[in-house]
Amino acid sequence: MRQAKVSKERDIAVSKKKLGLALVGLGHYATDRIAPALQNSQFWKLTGIVSGSPDKAAQWQKEWNLAQDNILNYENFDRIVDCPDIDAVYICLPNSMHADFTIRAAKAGKHVIVEKPMATNIADAERMIEACRAAGVHLAVGYRLRFNRFHRQIAEWGRNKTYGKVDYINAIFSINVGEPGQWRLNQTLSGGGALMDVGIYCIQAARYVTGEEPVSVKAQFGPVVDTEKYAEVEGSISWQMKFPRGTYVTAYAGFEHYIDELCIRAEKAFYKLESAFSYGPLSGILRTDEDHIQPIDLPNEHHQLMQMEELGQLISSGHPPPDYASGQEGLSDMKIIEAIYKAAETGEEIYL
Ligand code: NAD
């Protein structure tokens with residue numbers, strides 16, 4: 001046994017053997033963000049892949065020196081039960097596929113890390129949590145920013161009232177989604193548009209900066225700029241959330257322009273992250289009065305490596321994922337997302 005030094009707060013003994021991980025879906029996120037993190041991980045080893053593309057699978061098998069038995073596709077995925085080198089799966093598939101593959105992995109006795117949003121509706125999120133509980137496996141959601149120092153800093157200031165109570169938060173995350181025809185614009189696969197994909201970061205930030213759950217939401221879909229491209233999902237949405245101790249939140253999520261900022265006004269300071277939600281580098285300022293502005297001076301680290309190391313340290317020592325990246329946390333977001341859609345569709349204030 002050796003002592004892990006990833007987290008100063010936790011000093012947990014971990015097994016020398018790395019956890020075996022199978023990536024499910026080999027698109028952008030798995031390839032560009034998770035695989036590089038695994039290359040530098042002291043807790044995880046890529047031991048399997050699940051892909052619908054035989055060519056891609058062959059390429060990955062060679063590059064990562066993977067055993068033939070650990071190369072699966074979406075149809076024969078349940079054979080994973082016979083893959084002892086795979087301890088956990090990381091699901092990087094279109095949103096509506098998360099539930100099915102989580103439940104199948106849990107039944108095969110594998111721990112699950114699933115990308116955000118954990119599902120496309122509350123019922124699926126609940127089924128995923130129950131399947132993992134029943135199988136005695138861990139379920140984590142890939143909330144990379146919960147492992148990030150900038151976000152931990154502003155969450156600490158907000159929740160501890162370091163600069164007084166937080167009165168107001170404005171969160172905007174909008175990306176250039178790209179070409180029509182992709183799954184993010186297909187309601188069945190995505191479960192929704194900009195809110196599902198990037199708005200979830202704004203919801204998360206409001207929750208962890210206040211440390212509270214919203215009481216009610218109002219919402220408005222943005223104007224449809226391209227009726228063909230946005231025939232099924234919203235291209236933009238604005239919403240407002242009221243929190244129990246009076247914090248008021250305005251937020252916007254979009255698919256047509258790149259905007260990425262989080263502004264927090266507390267009684268005695270204003271603090272802001274920009275870039276806030278992207279892969280970084282993140283940066284921020286703290287303004288304690290008119291003339292005193294200082295940068296939030298923190299190191300930029302690889303988001304996914306930080307996430308994987310903290311999760312790996314916990315899981316390899318028999319501990320569950322932290323509450324802030326748990327299935328319950330994902331379910332809380334699903335409830336708010338459903339309420340925001342209902343508010344936008346009805347024009348009413350929806351109470352949670
Ligand atoms: P992507 O389109 O690049 O990759 C999706 C993968 O799923 C591809 O390998 C594709 O072949 C496969 N797939 C299987 N069945 C499919 C189907 N029916 N239609 C389309 N693709 C299918 O997407 P991505 O950007 O990697 O996103 C995957 C997941 O990761 C999503 O849930 C997304 O929200 C999440 N994500 C998270 C972050 C983050 O920062 N945490 C960033 C990007 C994506």
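Gln204 is found in helix H7, which spans residues 194-210. The model is predicted. Gln204 is buried, because its relative accessible area of 4% falls under the 20% cut-off. Its side chain makes polar contacts with the side chains of Arg146, at 3.0 Å, and Asp333, at 2.7 Å.

**Around Gln204**

- Residues up to four places away in sequence aside, Gln204 touches Tyr143, Arg146, Glu329 and Asp333.

**Around Gln304**

- Gln304 has its place in helix H8, residues 303-316.
- Gln304 is buried, with a relative accessible area of 0%.
- The side chain of Gln304 makes a polar contact with the side chain of Arg33, at 3.1 Å.
- Beyond its neighbours within four places in sequence, Gln304 is in contact with Tyr29, Arg33, Ile34, Ala37, Arg144 and Tyr279.

**Around Ala253**

- Ala253 lies in strand E12, residues 248-254.
- Ala253 has a relative accessible area of 0%, so this residue counts as buried.
- Neighbours within four places in sequence aside, the contacts of Ala253 include Phe173, Gly235, Ser236, Ile237 and Trp239.
- Ala194, Leu195, Val198 and Gly199 are also among the residues in contact with Ala253.
- Ala253 and Lys268 are 15 residues apart in sequence, and their C-alpha atoms are 28 Å apart in space.

**Cis peptide bonds**

- The peptide bond from Lys116 to Pro117 is cis, with omega near -15°.
- Pro117 sits in the loop between strand E7 (111-114) and helix H4 (122-135).
- Gly280 and Pro281 are joined by a cis peptide bond, with omega about 10°.
- Pro281 is in the loop between strand E14 (269-273) and strand E15 (284-289).

- Asn65 is not a glycine, yet its phi is positive, near 55°.
- The loop between helix H2 (54-64) and strand E5 (71-72) holds Asn65.
- Asn65 is exposed, because its relative accessible area of 69% is over 50%.
- Lys161 also has a positive phi, about 55°, although it is not a glycine.
- Lys161 is found in the loop between helix H5 (149-160) and strand E9 (166-174).
- Lys161 is partly exposed, with a relative accessible area of 40%.

**Whole protein**

- The protein has nine helices and 17 strands.
- The radius of gyration is 20 Å, which agrees with the value near 20 Å for a compact globule of 352 residues.
- The C-alpha atoms fill a box of roughly 60 × 50 × 35 Å along the principal axes.
- Of the 352 residues, 57% are buried.
- Among contacts with a separation of 6 or more, 69% join residues 24 or more positions apart.
- The accessible surface comes to about 15500 Å², and 48% of this area belongs to carbon and sulfur atoms.

How values were computed
Residues numbered from 1 in each chain as written. Predicted model: local features only at pLDDT ≥ 70, side-chain atom pairs only at ≥ 80, totals over all residues. Heavy atoms only, no water. Helix = DSSP H or I, 4+ residues; strand = E, 2+ residues; numbered from the N terminus. Rg over C-alpha atoms; globule rule 2.2 N^0.38 Å. Buried < 20%, exposed > 50% of the residue type's maximum accessible area, 1.4 Å probe, protein only. Contact = heavy atoms within 4.5 Å. Areas by Shrake-Rupley, 256 points an atom, 1.4 Å probe, with all protein chains shown as cover. Polar contact = N/O pair within 3.5 Å; in protein donor to acceptor, adjacent residues only side chain to side chain.
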